[in-house]
Amino acid sequence: DCDIRNDSYIKALEHLEYIAEQPVNTFSENAVLKASQISERLKMYENAYRHYKSLEQLAESNININIAHEGQMNNSFRIDNYEHAIDAAKKMLKNEKVTSEQSQRAHYILAKSYFATGQSKDAANEFSIVDGLTTNEQGAESKYYLAYIAFENGDYENAENIIFELTEEYASYDYWVAKAFILLSDVYLKLDNTFQAKQTLQSIIDNYSGEDLRNLAKENLRQIIESENAEMPADTVDTEEF
């Protein structure tokens, strides 16, 4: 406790882990809780996950059990251990002490974890839940992935409709709007509407300030024009550079 008050977290962690390694005693639960939190603070995510897992076994209160599940969920997700993240998120949602904010986070991590492991149907279900629970950036991101999953499934009309919903409902989140428009250009290409695909990409180039997506839009537009030029007679090729 003195080391924590002096911001000597590494030293505090050493002492707490010593207590955690001893047979279970009156200090065990609190020591493991603090070791979990300090490890997370120090970005030692694997260590944090291990301690939160121990806390789940030691916790006597529902509050600490909820803390253990949330800690396991967040830290396993941070180290791309999606199987453990899914397991912890499901446990967390079953806890009667879970808050609305924690519930939203759990559904978000479930959605991202399912998506990362190729479980697109489950991912879409969870992204839909997040979209219904919030109007913040996680909602915008969830809407984008719903459109992306529809696109990957060949449901281009649905993907287009979801993208337009995103641009209306989450207009203030420029990154996700721009990313959705890049996806929309891909939708138009699948629908053989090359003109609209080019116009959509050009709108990003003209109006979006972020270099990452502007550069991607430029590259996609260049590829479309090159493809068009390759199909045209030599004397009509567009030589304009992008």
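Predicted model: local features only at pLDDT ≥ 70, side-chain atom pairs only at ≥ 80, totals over all residues.
Residues are numbered from 1 along each chain as its sequence is written, and side-chain values use heavy atoms, with hydrogens and water left out. Local features need pLDDT of at least 70, side-chain atom pairs count only at pLDDT 80 or more, and totals for chains, interfaces and linings use all residues.

How many salt bridges does the structure hold? There are 14, where a salt bridge is a side-chain nitrogen of Lys or Arg within 4 Å of a carboxyl oxygen of Asp or Glu.

Let's start with Glu56. Lys53 forms a salt bridge with Glu56, and their closest N and O atoms are 3.9 Å apart. Both sit in helix H4, 3 residues apart, so about one helical turn separates them; helices here are DSSP runs (H or I, at least four residues), numbered from the N terminus.

Glu56 also meets Lys91 in a salt bridge, at 3.1 Å from N to O. That pair links distant parts of the chain, with Lys91 in helix H6 (residues 82-94) and Glu56 in helix H4, 35 residues apart.

Is Glu56 buried or exposed? Glu56 counts as buried at 17% relative accessibility, while Lys53 is partly exposed at 30% and Lys91 is partly exposed at 25%. Buried means under 20% relative accessible area, exposed over 50%, and partly exposed in between (1.4 Å probe, protein chains only).

Now over to helix H13 (residues 211-230), where Glu211 and Arg214 lie 3 residues apart, about one turn. They form a salt bridge with closest N and O atoms 3.3 Å apart. Glu211 is partly exposed at 45%, and Arg214 is buried at 16%.

Note on methods
Helix = DSSP H or I, 4+ residues; strand = E, 2+ residues; numbered from the N terminus.
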